[in-house]
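Please open the structure in your viewer and keep the selection panel at hand. The tour goes from one selection to the next and says what is found at each stop.

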Amino acid sequence: MQLVVGKIGRAHGIRGDVSVEVRTDEPELRLGPGAVLLTDPASTGPLTVESGRVHSGRLLLRFAGVKDRNAAEALRGTVLISEVDPEERPDDPEEYYDHQLIGLDVVLLDGTLVGELTEVLHLPYQDLLTVEKADGTEVLVPFVSQIVPTIDLENQRAVITPPAGLIDPEQAEVVGTSSAESAEPAESAEGSEESE
């Protein structure tokens, strides 16, 4: 199983270091010294991590055979891919690899099928699960324990407890006042002016 674990950014310095946009929760394992990474485009790799360090909040890596800034800059934009055993699980039992989640049936607490989990989106503020419903439409489900309380890999399903309107927009609860309610206070105000 292949997992995208990073993307090479700009060269740093003159000795072949590159900045890396990390796309894994386990950079010390996937991007540590000695790691051999496949690449996209494939012609760029494989690359072996020679050393790594954090500088100003960014991960800097040096790859074997990349000795100067020009060679490092030539790697810019390369996607780094790690070969992972499909049976491997993260250390934290509450964490999952994307490939373990994609293809799961997404069901409500009562077992009603919502659809199939087709993608995991990793956004800066939170992860979202893309669920394709039976009618072909997609819905984004925040991957938080309040909404996705159970991931059952053995039975290949994700149980969700979505708030009203998340899965079916017609069931959304509108928060606010109706025009009739907003008219009543106005009448009361006018009435109080008349009584003065």
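Begin by selecting Arg 23 and Glu 21, whose side chains meet in a salt bridge with an N to O distance of 3.0 Å; a salt bridge here is a side-chain nitrogen of Lys or Arg within 4 Å of a carboxyl oxygen of Asp or Glu. Arg 23 counts as partly exposed at 39% relative accessibility, and Glu 21 is partly exposed with a relative accessible area of 42%, where buried means under 20% relative accessible area, exposed over 50%, and partly exposed in between (1.4 Å probe, protein chains only).

Before going further, note that this is a predicted model, in which local features need pLDDT of at least 70 and side-chain atom pairs count only at pLDDT 80 or more, while totals for chains, interfaces and linings use all residues. Residues are numbered from 1 along each chain as its sequence is written, and side-chain values use heavy atoms, with hydrogens and water left out.

Next, select Glu 50 and Lys 67, which form a salt bridge at 3.7 Å, N to O. Glu 50 belongs to strand E4 (residues 47–55) and Lys 67 to the loop between strand E5 (58–63) and helix H2 (69–74), so this pair ties together parts that are 17 residues apart in sequence; helices (H or I, at least four residues) and strands (E, at least two) are DSSP runs numbered from the N terminus. Glu 50 counts as partly exposed at 37% relative accessibility, whereas Lys 67 is exposed at 55%.

Move on to Asp 152 and Arg 157, a salt bridge in which the closest N and O atoms are 3.8 Å apart. Asp 152 is buried, with a relative accessible area of 17%, while Arg 157 counts as partly exposed at 31%. The structure holds six salt bridges.

Now colour the surface by charge and look for Asp 105, Glu 116, Glu 119, Glu 132, Asp 135 and Glu 138, which gather in a patch of negative charge. Such a patch is made of residues with over 30% relative accessible area and no salt bridge, like charges being joined within 9 Å, and the place of a charge is taken as CG of Asp or CD of Glu. One of these residues, Asp 105, lies in strand E7 (residues 105–108) and counts as partly exposed at 37% relative accessibility.

Thr 130 counts as buried at 4% relative accessibility, and, leaving aside residues up to four places away in sequence, its contacts (heavy atoms within 4.5 Å) include Glu 116, Glu 119 and Glu 138. Lys 133 is also found in strand E9 and counts as buried at 19% relative accessibility. Which residues does Lys 133 touch, not counting those up to four places away in sequence? They are Val 114, Gly 115, Val 139 and Ile 167. Lys 133 and Glu 116 are 17 residues apart in sequence, and their C-alpha atoms are 6.6 Å apart in space.

Finally, show the whole protein chain, which has four helices and 12 strands. Buried residues make up 32% of its 196 residues.

Note on methods:
Patches are made of residues with over 30% relative accessible area and no salt bridge: like charges are joined within 9 Å, nonpolar side chains (Val, Leu, Ile, Met, Phe, Trp, Tyr) within 5 Å. Accessible areas come from the Shrake-Rupley method with a 1.4 Å probe; for residues, only the protein chains shown count as cover. Lys and Arg count as positive and Asp and Glu as negative; His and the chain ends are not counted.
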